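Let's take a walk through this model together, starting with a helix and ending among aromatic rings.

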Amino acid sequence: MKNRKWLFCFLVIFLLINSISYSENEGNVYVIPIKGEINKATYHFLKNAVDDALSKNPKAIIFEIDTYGGLINEAEKIKNLIMDIKVPTISFVNNKAESAGVLITISSQNVVMAKSSTIGSAETIPNNEKTMSLWLSFLRDAAEIRGRDPQIIQAMADRDIEIEGIIEGGKLLNLNSREAKAYGISDLISDDYGEILDYFNIKYSNIVEVEEGAEIKIAKFLSNPYISTILLTLGFIGMIIEIFTPGFGVGGTLSIIAFALFFGGNMLVGNSEWTSIILFVAGLILLIIEVMVPGFGLPGISGIILVSIGIVFSMASLSTAILSLSVALIITVIITIFLIKYGYKSPFLSKIILSTEQKNESGYTSANPREEYLGKEGISATELRPSGIIEIDGQRIDALSEGGYIEKNKKVKVVKVEGSKIFVRRL
């Protein structure tokens, strides 16, 4: 009986000690990725991920960094977010930390770099005195708080800084993992989470890797400057095709989808607001009015201005927006010239326009045959772009220009009739 009591006491003490030991070690370490462009979507994702992790009493948070940079103001907000965290924080540069990524990296208490990773090249765009001064103050402040060499950090952004034995004047500093460790910018070179946590003596139960949501990934992809340029180009080309083809079809559908993806992506990452979309739509309406009204006047000019402003306001920076818009417009102009020159003879348009012939020999009859107009001459009652109205023998008839744009009140001749479609050429 006594042996049983001693055994029972032993088990109780063992379980108590084990529970105390477990309670001391319990707690997860959360790995939160910071990848791709640094923008508003990045900050919102990190804010939600950090808040969620902190609500679970983590032992530490690791920020896995692989970025070429992004918006300065968002990087500064992320810096403040990381510095306000009370549990241990580790920046793990898994590949590269450039530009805004430098500030984010040195914001953590500890910095670890993978063997093949780099950090640096943090020059601002645009590189004017005001922006550079603000950016250098962010870098200097973070470096001093975290005990990193502020001069080395600032040399990553300012070409005028020269450090003997490290960087010459006129160049931006970029360090590999070994150099960063040697100069005290990083604390450890490692590719393993377990090794990293052991080095900093952080006890934990599990390592939880947080994934970016599909919405954030799609938004970042669509708001990429290169993808935005492609979407703008497709949107404008779709508009041109729609103008050159009767009815609503492939061109209009392509344009709507492209512009919807462009604005949707930029709205998700926080670049675009409803104001820019309203300006863009208002511009499109004015351009449609211009197409329907003869001549080129105030609606057309106003439409172009509003469309351009709407696009510029929806992107991350003015320089990126102007470049993307310029490239898209240049390509669109080239396509437009091609369409005007070749018109309905273009093999490209033949894939878009319904060209199936329903001949009388095959048993088909037109509801309103117009062969009697073939060879007749008349006057263009409106502009033909390429569709419009002509007047023959006092009758106004819908017609299509076979040779591109025809001004109003010009002599035309019917050169082809296909069912109810009349094709004319300027005399």
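Helix H2 (residues 40–54) has 15 residues and spans 21 Å from its first C-alpha to its last, close to the 21 Å expected at 1.5 Å a residue; the expected span is 1.5 Å times one less than the number of residues. Helices (H or I, at least four residues) and strands (E, at least two) are DSSP runs numbered from the N terminus. Please keep in mind that this is a predicted model, where local features need pLDDT of at least 70, side-chain atom pairs count only at pLDDT 80 or more, and totals for chains, interfaces and linings use all residues. Residues are numbered from 1 along each chain as its sequence is written, and side-chain values use heavy atoms, leaving out hydrogens and water.

Among the buried residues of H2 are Tyr-43, Phe-45 and Leu-46, buried meaning under 20% relative accessible area (1.4 Å probe, protein chains only). Their cover includes strands S1 (29–35) and S2 (60–67) and helices H3 (72–83), H9 (214–223) and H11, judged by contact, that is, heavy atoms within 4.5 Å. Tyr-43 also has Lys-77 over its face, 4.4 Å from the ring centre; such a charge has NZ of Lys or CZ of Arg within 6 Å of the centre and within 35 degrees of the ring normal.

Now for the rings: the structure holds six aromatic pairs, with centres of Phe, Tyr or Trp rings (for Trp, the six-membered ring) within 6.5 Å, and planes under 30 degrees apart counted as stacked, over 60 as edge-to-face and the rest as tilted. Phe-262 and Phe-263 pair edge-to-face, at 5.0 Å and 85°. Phe-263 and Phe-280 are 4.8 Å apart with planes at 55°, so their pair is tilted.

Methods. Buried < 20%, exposed > 50% of the residue type's maximum accessible area, 1.4 Å probe, protein only.
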